[in-house]
Amino acid sequence: MVKSLLLVGVGGQGTILVSKILSQGLIKEGYDVKMSEIHGMAQRGGSVTTQIRFGEKVYSPSIGTGEADVMIAFEKVEAARYLQQLKKGGRLIVNDVEMYPLPVLTGKEKYPNGVIEALKDEVENIKVINARKVAEELGEVKAQNIVMLGCLVKALELENIDWIELIKANLPEKLHEINIKAYESGLNL
Amino acid sequence: MKKLLTGNEAIARGAYEAGCTVACAYPGTPSTEILENVSTYKEIYSEWSTNEKVALEVASGASIGGARSLVAMKHVGLNVAADPLFTMAYEGVNGGLVVITADEPGLHSSQNAQDNRLYAPHSKAALMEPSDSQECKDFVKYAFEISEQFDTPVIFRVTTRVCHSKGLVELGEREEVGIKEYSKNIRKYIMVPANSKAKQKEIEHDRIPSLRKYSNNTPLNRIEWGDKKIGIITSGISYLHAKEVFGDEASYLKIGFSYPLPDEMIKKFAKTVDKLYVIEESEPYIENFVKSLGIECIGKEFIPACGELSPEIIRNVLVKDEAKDVYKADIEVPSRPPALCAGCPHRGIFYEVSKLKDVVVTSDIGCYTLGMAPPLNVGDTVICMGAGISAGLGFEKAFKLAGVDKKVFGFVGDSTFFHSGMTGLVNAVYNKTNMVMVILDNRITAMTGHQQNPGTGKTLMGEVTEIVDIEAIVKAVGIKEENIRVVDPYKLEETKKAVKDAYEATEPFVIITKQPCALIKEVQRRRKNMYCEVVEDKCKKCKSCLKIGCPAISIRDNVVSIDRAQCNGCTICAQVCPFDAIERMGE
């Protein structure tokens, strides 16, 4: 049984680190893992996605329409943008933060109202969190990606993997304490 | 030991294990991380070369000198390096020579898409295509062996999804092969017509037939028997997508060595299956060959040649296209194109040039391409590396002939300047112009993720080196001192003055903007506590600050605010505010 996981967000939000830690943990657990992400120009504030597929044997790294078992959106309008990727009945985790894209900032386009409500109307299995607020309360807004990691680990029921060890392995020592707290907060959301 | 590696990391590991001793590249998505990872192996001399042609020439010399040599580039890089490639395909190698081309069928970060497999039959170099990270590593080792055995460069073709996908890789040990002895052999290594003619015949009558025989017998090309009703010939990432869709319900001819293609194997496979599909991304490279053998197959009539393939696309076109019931949020989703970062030093000069009406801007490849986006809208053309200057000259000549009175500004970045902007600059001086050449020196190769370049004072291997002085070059090629301005683009007054002088100049004029990329770690550390803030009771909501296109500045519910997390206190917004309503905070 192969599970497909889609991370979506905005370039610079730290989705790549989360997907890196996740895939390392999945490998440790003995899964075959394929992960695919896009680098380069898209990352300058553009919309970014990372696809992770894991199971006994995985061939293609690509996730198609209606194929993601779990989708985690680091920004709410990005959840709406990629919603058709989520499998019917799949789990959606949304970070309730707004990041205005440039066309909105310059007044060419509008940032929609009622994003969360629209997502809730459509998706049964949805969880809305505010990882930025949690991270801010911990004193480091940049740790919001690790809050998201905690929340995702819980949704995937993978708490048995030693994620704290992996967080330590992927971050400089001075950031360990705050990110472990961020992870634990995410787990308990 | 097994490790989770991207295709790029695995290629680097393969080079290490194969005993590679020299590696060169110019950075370009999706190939950049290959050399970044190679450079972590101290046994390999590795360098950022100034461009792909130089990189392949360095690797060629190293190969003839006896070193197993690798060169890596993005697909368009091979166009730049095509000149040495074609001749090296004649000369052959001493130490193995592997040329990695990372193609981008999905155009995630490229100006075009191209299928560089076609370079193989054109140049007569051998071609390989790995499908996943494990194969990336294993195939590089094969590639060096093939290169030395058949005396040919090997084109090693990967694509974005192979480069940037991670998979498990079984690691091995490094095999030290040393540096082969070089002996002078002008018939082999000096390509004058007489020698070239002999080589041409040798390749046609000897190398290609030998390689074709190898292709028919190598384990790099293999048949996986499943249900014989459907047979699939495929290569690269398409193999994995096809496997995902058809599993054991089809048989596969999986091609890893793809020039020359294995004719006998294809004939045998085609005979055994009822229906034959060729599933490949981009061009019908394999398909055309299969058809040339007189074998019927189904391919590009259904499988798109544009964009990346996926299991979903293959399923829809070859199995059944059924409308899926999917979620859809009932809201209008705004677009989110990439944008110049908050604090980007390019913003200042773009803002000043954006105020000029009768100008044409020839831009170039790099973060600064994004200057074309609203609200700055600076940019009329982007073609390829270096064209920012040279195409600008052409524009200026055309306008002159047409009697159009427009000023041409050509933009290039620092790394682009060293890559191929310098030749354009010399050309512009030599052929006389009044165009303005703007060199955006942000002290790094930014778009590809911060690689060193000749202007940074550090090599890929971390050694301190000479800083090649852009201003000195500009002077040396003949731009007069009075026609050069070196400005800090965070200072708008200074930048505006330079743009004005440039606009009025009647001779070739150069502006160099100097300010490091805002994302460089040291810069981020230094500016960590700097930010700008809107003083609410002074703000008249005139929206002047929104005209600089900074992603940190927004207006919500008629309140302008600056996102402190993004802002680095560059103060460009404060300088454009007519009411002094933006203040710089922090130290």
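**Figure 1. Thr571(B) in a loop of the predicted model.** The loop between strand S21 (559-562) and helix H21 (572-576) of chain B contains Thr571(B). The structure shown here and in the other views is a predicted model. Thr571(B) is not a glycine, yet its phi is positive, at about 70°. Most residues other than glycine have a negative phi. Thr571(B) counts as buried because 21 C-beta neighbours lie inside 10 Å, and the cut-off for a buried residue is 20 or more.

Figure 2. Asp580(B) is found between H21 and strand S22 (582-585) of chain B. Asp580(B) also has a positive phi, near 50°, and is a residue other than glycine. Is Asp580(B) buried or exposed? Asp580(B) is exposed, since 10 other C-beta atoms lie within 10 Å and a residue with 12 or fewer counts as exposed.

**Figure 3. Two cis peptide bonds of chain B.** Most peptide bonds are trans. The bond that joins Thr29(B) and Pro30(B) is cis, with omega at about 10°. Pro30(B) is located in the loop between strand S2 (22-25) and helix H2 (33-38) of chain B. A cis peptide bond also leads from Tyr259(B) to Pro260(B), where omega is near -5°. Pro260(B) belongs to the loop between strand S12 (257-259) and helix H12 (263-272) of chain B.

**Figure 4. The surroundings of Gly348(B).** Gly348(B) is part of helix H15 (residues 346-354) of chain B. With 27 other C-beta atoms within 10 Å, Gly348(B) is buried. Which residues are in contact with Gly348(B), leaving aside its neighbours within four places in sequence? They are Pro489(B), Tyr490(B), Leu492(B), Thr495(B) and Ile572(B). The C-alpha atom of Gly348(B) is separated by 8.8 Å from that of Lys496(B), although the two residues are 148 residues apart along the chain.

**Figure 5. An open sheet of five strands in chain B.** The strands follow the order S14-S15-S16-S18-S17 (chain B), and their pairing is parallel. At the edges are S14 and strand S17 (484-487) of chain B, each of which pairs on one side only. On average, neighbouring strands of the sheet are turned by 20° against each other, direction ignored. Strands of a sheet pair through backbone hydrogen bonds. Six bridges connect S16(B) with strand S18 (residues 509-514) of chain B in the parallel sense, and Ile439(B) has Ile512(B) as its bridge partner in S18(B). Helix H19 (residues 492-504) of chain B packs on the sheet and touches S15, S16, S17 and S18 of chain B. The direction of H19 makes about 165° with that of S17(B).

**Figure 6. Strand S15(B) and its two partners.** All seven residues of strand S15 (residues 407-413) of chain B are buried. In a regular strand the side chains alternate between the two faces of the sheet. Lys407(B), Phe409(B), Phe411(B) and Gly413(B) point one way from S15(B), whereas Val408(B), Gly410(B) and Val412(B) point the other way. Strand S14 (residues 359-362) of chain B runs parallel to S15(B) and is joined to it by four bridges; Val360(B) is paired with Val408(B). Strand S16 (residues 436-441) of chain B pairs with S15(B) in the parallel sense over five bridges, and Met437(B) is the bridge partner of Gly410(B). From S15(B) the chain crosses to S16(B) through helix H17 (residues 414-430) of chain B in a right-handed β-α-β crossover. A right-handed β-α-β unit is also made by S14(B), helix H16 (residues 387-402) of chain B and S15(B).

**Figure 7. The packing of helices H16(B) and H17(B).** The axes of H16(B) and H17(B) are 7 Å apart and form an angle of about 25°. The two helices are therefore roughly parallel to each other, because angles under 35 degrees count as such. H16(B) makes this contact with Gly388(B), Ile389(B), Ser390(B) and Leu393(B), and the residues of H17(B) include Thr416(B), Gly421(B) and Gly424(B). The residues of the contact comprise four nonpolar, six polar and no charged. H16(B) also lies across S14, S15 and S16 of chain B, running at about 170° to S15(B).

**Figure 8. The contact between chains A and B.** In this contact, 49 residues of chain B meet 54 residues of chain A. Strand S8 (165-170), helix H11 (236-246), helix H14 (311-319) and strand S20 (553-556) of chain B each give two or more residues to the side that touches chain A. That side of chain B has 25 nonpolar, 13 polar and 11 charged residues. Strand S2 (residues 32-37) of chain A is joined to S8(B) by two bridges, and the strands run antiparallel. Here Met35(A) stands opposite Lys166(B).

Conventions
Residues are numbered from 1 along each chain as its sequence is written. Chains are lettered from A and ligands numbered from 1 in the order in which they are written. This is a predicted model: local features need pLDDT of at least 70, side-chain atom pairs count only at pLDDT 80 or more; totals for chains, interfaces and linings use all residues. Two strands pair if DSSP finds at least two bridges between them. A crossover is right-handed if, with the strands pointing away from the viewer, the path from the first strand over the helix to the second runs clockwise. Two residues are in contact if their C-beta atoms, placed from the backbone, lie within 7 Å. Ala, Val, Leu, Ile, Met, Phe, Trp, Tyr, Cys and Pro count as nonpolar, Asp, Glu, Lys and Arg as charged, and the others, Gly among them, as polar. Axes are lines fitted to C-alpha atoms, for helices over the stretch in contact, and angles run from 0 to 180 degrees between N-to-C directions. Angles under 35 degrees count as roughly parallel, over 145 as roughly antiparallel, 65 to 115 as roughly perpendicular and the rest as oblique.
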